[in-house]
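This note is intended for a colleague who is opening the structure for the first time.

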Amino acid sequence: MDVFLQQCVNALQWGSFYALIALGYTLVYGVLRLINFAHGDIFMVGAYIAFFVSTMFLSPEGMFGLSRETTLALTIPLTMILTSLVGVSLERIAYRPLMRKGAHRLYVVITALMCGLILENGNLALLGASRKTLPVLLEKNIHDFGGIAVTNLKLWVILAAVLVFFFLHFIVTQTRMGMAMRAVSWDRFALPLMGIPLDSVVVFTFILGSGVAGLGGMLFAMSYPVLEPYMGAMTGWKAFIAAVVGGIGDIRGAFAGGFLLAFVEIMVAAFLPSTFRDLFAFSILLLILWLRPTGIFGKPLTTKI
Amino acid sequence: MLRVRNLKAAYGKIEALHGISFHAERGEIVTLIGANGAGKSTTLKALMRLTPPESASVTAGDMEFDGISILNMDAHRVVSDLKMTLVPEGRHIFGNLTVTENLQLAAWSRKKSNVDEDIRHIFDIFPRLAERAKQRSDTLSGGEQQMLAVGRALMTQCSVLLLDEPSMGLAPLIMYDMFRTLKKLNADGLTIIVVEQNARLALQVADRGYVLDTGEIIAEGSADELLKKPEIMAAYLGA
């Protein structure tokens, strides 16, 4: 039983990473009907930005030489802001011009795939193949809950994911911008007729999605401090699948899918040979899609004449 | 006020408008009538500055609003700066939003102080919408959706309203109601340009009309004149 509960905590932590990435997929898909395949690599970029920012602030030889606490407090917002800038730049440089020319969505999706590869290999070319290690930003504490050991970092990761969920839920359901995002997901054509600039809604969406992925990248790097250029690829794919299984376009789906995938993965690895992990995990997800092709929270689009 | 000169527009290589000219003055109801594929919707979308992939691109000619060319304007600016908007064919309401949310969203680019008051005003014009205020708008009937589409357009505080086939898919009684309402809005100062296949109905409320045929204007005149022309009657009014 203890092993099971212990693994549940691990699943919650991994689910948080998947959820934080899946959100970006789902938000951008909701607004643009575009699968932004560069998004996993935005997560990687977030981790690297966190590395550079925190190293700069923390290094005793550097001009700042700040304490861990201050560095952490500064690195979180800076990582989110800078990562959003990267996400917004991709939209501005790569996707928007294509969409303006009326390119079929498939071409934009392929462009997104290429952008991801450019981010990975650009990173490799600029920083070399040596792995980077994120400095320790949080003193490790282990809490014991009746035999289940939970590090403070794990708690923070899970808490961050939950807070992000409520924050985004609030934005989407309660704010004017969120209302516009929901409106675009239903009917892109009519939005400018309301006097709403579509570009602002799209940019806002990329800021949210990339910022959250940046936070995810940073938390991931704090939990597993070794950074490499391809770290976002597989995690990104998995998060995308999680978003689809949850019902892409719905933020509840991104969370449900993310935690579900992590739960299945961790449990398979815990009780079966770990080589079975992905095979089992994806077979189960395939089964879910087979039963519900639109995902757990997804609804098929219908129009009424 | 609105002046279109020699407008040509094309979907890719296929030209849909071969140089049309028309105008509308403040306070008028102008109608563009013609068969399917005549270029009526393309004309309205061009006026709204909708571009590919949503619509055709303008290849020649000019469009002026109060003497200023609007060729380089973005669609959302046409709404926010010129106070002109379109009720598109097929209505395009936001079905995943409630009726009230649809109305609130349309107030995006305007002064926010009296939004609630304006929503009440829309509910006065279309009492059916008030009954459905909290409902998701894709649960509305076709007629109610058309009311919402018009109400939503009015929420932008437009002074020029373009309507694309407002009678489409409506039962006759609801259709007459809708046109009576448009006539009333016009009496309160709203300029209306309406595209219709139901030419007789459109000419009954309009001041002037233009007849479009495969991308060209083949007749124009006051609504009464057009209703009396036998060749127009035969070709477009089904009489």
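1. Is Arg49(B) buried or exposed? Arg49(B) counts as buried because 22 other C-beta atoms lie within 10 Å, the cut-off for that class being 20 or more. The model under discussion is a predicted one. Arg49(B) belongs to the loop between α1 and β4 of chain B. Although Arg49(B) is not a glycine, its phi is positive, at about 60°. As background, most residues other than glycine have a negative phi, and most peptide bonds are trans.

2. The loop between α1 (40–47) and β4 (57–65) of chain B also holds Pro53(B). The peptide bond leading from Pro52(B) to Pro53(B) is cis, its omega being near 0°.

3. A further positive phi, of about 60°, is found at Gln157(B), which is not a glycine either. Gln157(B) sits in the loop between α6 (142–155) and β7 (160–164) of chain B. With 18 C-beta neighbours inside 10 Å, Gln157(B) is classed as partly exposed.

4. In chain B, attention may also be given to Glu196(B), a residue of strand β8 (residues 191–196). Glu196(B) is counted as buried because it has 25 C-beta neighbours inside 10 Å. Apart from neighbours within four places in sequence, the contacts of Glu196(B) are Thr31(B), Ile33(B), Glu165(B), Ser167(B), Leu201(B) and Ala202(B). Between Glu196(B) and Ser41(B) there are 155 residues of separation in sequence, yet their C-alpha atoms are 9.4 Å apart in space.

5. The two chains touch: 26 residues of chain B are in contact with 17 residues of chain A. On the chain B side, α2 (75–80), β6 (84–87) and α3 (99–105) each contribute at least two residues. Of the elements on that side, α2(B) gives the most, with 4 residues. By class, the side of chain B that touches chain A comprises 12 nonpolar, 11 polar and 3 charged residues.

6. The largest nonpolar core has 164 residues, and those with the most contacts inside it are Tyr18(A), Leu20(A), Ala22(A) and Ala47(A). Helix α1 (residues 2–32) of chain A gives the most to this core, with 16 residues. Setting aside neighbours within four places in sequence, Tyr18(A) is in contact with Lys238(A), Ala239(A), Ala242(A), Gly258(A), Leu261(A) and Ala262(A).

7. Helix α1(A) itself has 31 residues and reaches 44 Å from its first C-alpha to its last, close to the 45 Å expected at 1.5 Å a residue. This helix is mostly covered, with 22 of its 31 residues buried. Just after α1(A), Arg33(A) adopts a positive phi of about 50°.

8. How is α1(A) placed against helix α7 (residues 198–223) of chain A? Their axes come within 8 Å and cross at roughly 170°. An angle over 145 degrees counts as roughly antiparallel, and α1(A) is therefore roughly antiparallel to α7(A). By class, this contact has 16 nonpolar, 5 polar and no charged residues. Among the residues that meet are Phe17(A), Leu20(A), Leu27(A) and Val31(A) in α1(A), and Val201(A), Phe206(A), Val212(A) and Phe220(A) in α7(A).

9. Not counting residues up to four places away in sequence, Phe206(A) touches Val28(A), Gly87(A), Val88(A) and Glu91(A). The C-alpha atoms of Phe206(A) and Leu90(A) are separated by 9.2 Å, while the two residues stand 116 residues apart along the chain.

10. The last element considered is helix α4 (residues 105–127) of chain A. Why does its length agree with expectation? At 1.5 Å a residue, its 23 residues should span 33 Å, and its end C-alpha atoms are 33 Å apart. The buried residues of α4(A) include Val108(A), Ala112(A), Cys115(A), Leu119(A) and Glu120(A). Their cover includes α2 (39–58), α3 (68–100) and α8 (231–246) of chain A. Just after α4(A), Gly128(A) takes a positive phi of about 80°.

Terms used
Residues numbered from 1 in each chain as written. Chains lettered and ligands numbered in written order. Predicted model: local features only at pLDDT ≥ 70, side-chain atom pairs only at ≥ 80, totals over all residues. Core = buried A, V, L, I, M, F, W, Y, C linked by C-beta atoms within 7 Å. Buried ≥ 20, exposed ≤ 12 C-beta atoms within 10 Å, placed from the backbone. Contact = placed C-beta atoms within 7 Å. Axes fitted to C-alpha atoms, helices over the stretch in contact; angles between N-to-C directions. Parallel < 35°, antiparallel > 145°, perpendicular 65-115°, else oblique. Nonpolar A, V, L, I, M, F, W, Y, C, P; charged D, E, K, R; others polar. Expected span 1.5 Å × (residues − 1).
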